[in-house]
Amino acid sequence: MSDISVGRAAAAALSALIAGVVLTFLALPIIALFTEFPLRDVPELLRDPFVQDTLKVTVRTNAIANVLIIGLGTPTAYLVAMRRFRGRSLVITLIELPLVLPPAVAGIALLSAFGVGGLLGPTLKDAGIVLPFSQWAVVLAVTFVASPFYLRQAITSFESVDGTLTAAARTLGAGPTRTLLRISLPLAASGLLAGWVLAFARGVGEFGATIIFAGSVRGETQTLTLGIYEVLDSNFDQAIAIGILLVVLSATVLLSYKLIISWRSSTSTSPSVFARTS
Amino acid sequence: MALLDLDIALGLRSYELKVALGVDRETVALVGPSGAGKTTVLQSIAGLRRPDRGRIEVGGRAWYDREARVNLAPEQRSVGLVFQEYALFPHMSVRQNVAFGGPARVDELLDRFGIGHLASVRPTAISGGERQRVALARALARGPEVLLFDEPLSALDAHTRTIVRAELEDLLADLGLPTLIVTHDMRDATALAHRIGVMVDGELRQLGRLPDLLQHPADAFVARLTGANVLPGLAGENEAVVAHPWELTLAAERPDGARAVPGTLHGVVPEGDRMRVRVGDVVVVVDEGEVERLGLARGAPAWAVLPPGPPRVVAL
């Protein structure tokens, strides 16, 4: 063997070794979660009233948060995508900021805005609304940290809808609303769905902002992730059981995201599809 | 007043678009290089773009009138706009596409354009010529008062183009609607339009029937667009003589008493039953065998001879 091919073989072996270490490092904790603990006990542990309570809080708060994210986020994203206005890039940066904000900072920020002593605290108090440490605080925290995932993707999806298609719809007698419902939304739908999957995953996994802004009150603000933290010392098995539940959920979400993405690229509406073929 | 009557001005990047035009039950083509503002005219009529000033009236009703502060939304304008790449909705079937414009006459239109068998197919799965027909059917489904075409044939290959051009010719004659076609191709314009407007840099240089454009071109640009030779140096300063290839004759020697341009003979190619040759940059169409009869050959010095009589002169 020549020196060069020896060198090549060594480089290949080294890079394979590095890749192996990286993959093992990423996979090991997940594997451990499933092996460190008898899996058949999981259903029993998940039936525990404590877990049931955290599950209910998680489902309830995330359902509301996701309705808010989609219901208010979609028109907002459409507006930002369609209009060119002064300060547009500033608006987009603002939308993206929660993505890079440490969750704990998000919690503190929410507390300073909506807390009793916060910016809107007195106003809310006068109206009889106390947000912190309530279920609505969880909803707000989840919405705050998760909505950028949806908004960003939704803006991009609406932007990528071919403008001549919406123009064509208008010249065919469709007003702005019908154009949105029949053309823009269906063409952006898969992108919106992909954005929502990401927002959903982020929302369910939310911990830092929630524990600071909403606290960990059982049956009220204690979500699955907060539940793990709660029983970590007292009942490690139960923490693992919740962990397994969340891993299964996350994996399902990731898988559906990948499916949506591949389905999107196969039904892409790029102009190249309309290239001359005859 | 014409059925479609417009007089608009609109500032574009490097010039101001200014067009005044009336279209009755006829087809008018706007021809010019890309970037001349042709598409902007269509967009203004359809309401997709707002002119800075002026007015657009259809059937005596104002669609846009700056003075009277009228500016109808696109959906309020009874217009059939066929987009350059057709802009068919990719997530809808052919039938749904046509029905989007108006559900009442879908079957009739699918039949008329021979696309009934494609009704349930997505537009991504059909040929360019078929897409053209779907786009037309969809535009007509609304029962428009005005038809607008943006480069209707440019997305088609040469073979399909010839077929679709003929179809379009018949259709437009049948419909009898005020029709405005935008194209950069003079052949499409002459085949489809009764009148041709030549646009350059946002300006309508000349509007008239093809014979007018051929016989009395307004300027050198219009002349060149119709395929004429523009020959400077034969007339006064800043003037040029315009001669069509079929008006010129070929000679081996400098003819006495006639205006002529010398040059090297090349580019001998058949055109119909005649031959197209070039003398320098001047295009001349001669009878077949003429080149040999004159004892000329490719690469030989020759003369392009202008017809007798007063020359056609344009300003440069």
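**Reading a predicted model**

Analyst: Chain B averages a pLDDT of 91, and 100% of its residues score at least 70. This is a predicted model, and its overall scores are ipTM 0.86 and pTM 0.80.

User: How is chain B built overall, in helices and strands?

Analyst: The secondary structure of chain B comes to nine helices and 19 strands, and its C-alpha atoms fill a box of roughly 70 × 50 × 30 Å along the principal axes. Of its 316 residues, 43% count as buried. Among contacts in chain B between residues at least 6 apart in sequence, 64% join residues at least 24 apart. The domain assignment gives domain 1 (4-218) and domain 2 (228-315), and the C-alpha centres of these two domains of chain B lie 38 Å apart.

User: Why are strand 12 and strand 19 of chain B called edge strands?

Analyst: The open sheet in question has three strands in the order 12-13-19 (chain B), with antiparallel pairing. Two strands pair if DSSP finds at least two bridges between them. Four bridges join strand 12 of chain B to strand 13 of chain B, and strand 13 (residues 239-243) of chain B also pairs with strand 19 of chain B over four bridges. Strand 12 (229-232) and strand 19 (312-315) of chain B each pair on one side only, and they are the edge strands. From one strand to the next, the twist averages 40°.

User: Which residues are bridge partners in this sheet?

Analyst: Leu231(B) has Val241(B) as its bridge partner in strand 13 of chain B, while Glu239(B) is partnered by Ala315(B) in strand 19 of chain B. Strand 12 and strand 13 of chain B form a hairpin with six residues between them, and Gly233(B) in the turn has a positive phi of about 90°. Strand 12 of chain B has a covered face, made of Asn229(B) and Leu231(B), and an uncovered face, made of Val230(B) and Pro232(B).

User: Why is Ala104(A) called partly exposed?

Analyst: Ala104(A) has 14 other C-beta atoms within 10 Å. A residue is buried at 20 or more such atoms, exposed at 12 or fewer, and partly exposed in between, so Ala104(A), with 14, is partly exposed. Ala104(A) is found in helix 5 (residues 103-114) of chain A.

User: What is Ala104(A) in contact with, leaving aside its neighbours within four places in sequence?

Analyst: With those neighbours left aside, Ala104(A) is in contact with Gly208(A) and Ile212(A). The C-alpha atoms of Ala104(A) and Ile260(A), which are 156 residues apart along the chain, are separated by 31 Å.

User: How many residues does each chain bring to the contact between them?

Analyst: The contact takes 24 residues from chain B and 20 residues from chain A. On the side of chain B that touches chain A, strand 7 (79-82), helix 2 (94-101) and helix 4 (128-141) of chain B each supply at least two residues. Helix 4 of chain B gives the largest share of that side, three residues. The residues of that side of chain B divide into twelve nonpolar, seven polar and five charged.

Notes: Residues are numbered from 1 along each chain as its sequence is written. Chains are lettered from A and ligands numbered from 1 in the order in which they are written. This is a predicted model: local features need pLDDT of at least 70, side-chain atom pairs count only at pLDDT 80 or more; totals for chains, interfaces and linings use all residues. Two residues are in contact if their C-beta atoms, placed from the backbone, lie within 7 Å. Ala, Val, Leu, Ile, Met, Phe, Trp, Tyr, Cys and Pro count as nonpolar, Asp, Glu, Lys and Arg as charged, and the others, Gly among them, as polar. Axes are lines fitted to C-alpha atoms, for helices over the stretch in contact, and angles run from 0 to 180 degrees between N-to-C directions. Domain bounds come from an automatic or database domain assignment. pLDDT is the predictor's confidence in each residue, from 0 to 100.
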